[in-house]
Amino acid sequence: VSVPEFPDPSIPLAAEVELEAPATTILLWDLPVRIVHWSFVLLLPALWWSWQAGLMEVHRLLGYAALALMLFRLYWGFAGSDTARFASFVKGPRAVARYLAGRAGEPVLGHNPLGALSVVALLFLLALQIGLGLVAQDVDGLFAGPLAHWVDYETSELARAWHGTIFYVLLGFVGLHLAAILFYLLVRRTNLVGPMVTGRKRVPSCVAPSEPAPWRRALMGAAFSLAVTVWIAAGAPFPSVD
Ligand code: HEM
């Protein structure tokens with residue numbers, strides 16, 4: 001008597017069903033997530049170029065755009081649509097290990113547990129890069145971030161050095177991110193770029209669509225991020241009591 005192997009290799013994993021039986025189109029990434037994503041794609045080379053060309057006023061303005069986008073993305077990670085929320089995709093090491101072992105269980109809508117790690121790393125490094133830029137100043141003190149007055153000269157100088165280093169670490173993670181996208185395209189035959197452009201994806205009809213967040217909430221977040229950015233750009237003044 002032959003004992004069937006468990007799990008039976010002839011039965012596809014749920015994650016594979018997703019690839020084999022697309023049946024309906026859902027909204028995977030909402031517009032705010034896509035705008036933030038593609039803006040960062042454009043901003044990274046532009047920020048590098050502006051520094052390289054010595055256009056530090058341009059670097060400052062683009063840096064503020066990055067700051068506003070980052071503030072909005074953090075807000076959207078709590079207030080946004082299902083697939084934009086940190087709680088929906090940031091998973092513990094056990095979920096990552098299960099995913100790597102191919103026992104993920106349900107089809108993944110949005111970031112898979114491993115992809116989520118790279119998203120968190122990218123957002124963290126970007127936030128760090130922006131924060132360091134805000135307190136950094138150049139060697140001759142001619143150009144300084146708006147919060148450089150919060151720290152002494154040595155700390156500001158150190159922030160500039162780290163601002164230079166973190167940029168290359170960030171580039172390394174961008175490289176990993178691109179390699180993963182290529183792997184999914186060539187090996188798994190899954191196009192991850194298309195949904196990040198259109199927002200839409202074909203999935204089995206059994207998959208519950210993600211709940212899109214209301215526009216009102218996105219506008220509130222945009223207004224909040226802009227206001228905080230303008231305040232920081234002005235040197236984060238506190239009203240004086242006297
Ligand atoms: C994602 C956002 C940013 C990226 C990718 C970025 C990128 C860079 C790069 C690659 C450099 C050259 C570092 C070096 O090797 O010395 C630089 C320098 C600098 N950045 Fe940024 N930056 C960002 C945001 C900001 C922000 C928000 C500010 C402040 C407004 C800022 C202020 C500066 C300053 C003061 C320098 C030093 C310039 C010099 O030494 O001549 N950066 N940035």
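This report covers the nonpolar core and the aromatic pairs of a predicted model.

## Basis

The model is predicted: local features need pLDDT of at least 70, side-chain atom pairs count only at pLDDT 80 or more, and totals for chains, interfaces and linings use all residues. Residues are numbered from 1 along each chain as its sequence is written, and side-chain values use heavy atoms, without hydrogens and water.

## Nonpolar core

The largest nonpolar core holds 42 residues. Such a core is a set of buried Ala, Val, Leu, Ile, Met, Phe, Trp, Tyr and Cys residues joined through side-chain atoms within 4.5 Å. Buried means under 20% relative accessible area, exposed over 50%, partly exposed in between (1.4 Å probe, protein chains only). Phe40, Trp76 and Leu134 touch the most other members.

Several helices (DSSP runs of H or I, at least four residues, numbered from the N terminus) each supply at least two residues of this core, including α2 (31-52), α3 (56-79) and α7 (153-186). Leu134 has contacts (heavy atoms within 4.5 Å) with Tyr64, Leu67, Gly145, Pro146, Leu147, Ala148 and Ile232, not counting residues up to four places away in sequence.

## Aromatic pairs

The whole structure contains nine aromatic pairs. Rings of Phe, Tyr and Trp (its six-membered ring) pair if their centres lie within 6.5 Å; planes under 30 degrees apart count as stacked, over 60 as edge-to-face and the rest as tilted.

Phe72 and Trp76 are stacked, at 5.3 Å centre to centre and 25 degrees between the planes. Both are buried. They lie about one helical turn apart, because they are four residues apart in helix α3. Phe72, Tyr75, Trp76 and Phe224 form one aromatic cluster.

Phe167 and Tyr168 have ring centres 5.4 Å apart and planes at 80 degrees, so this pair is edge-to-face. Phe167 is buried, at 12% relative accessible area.
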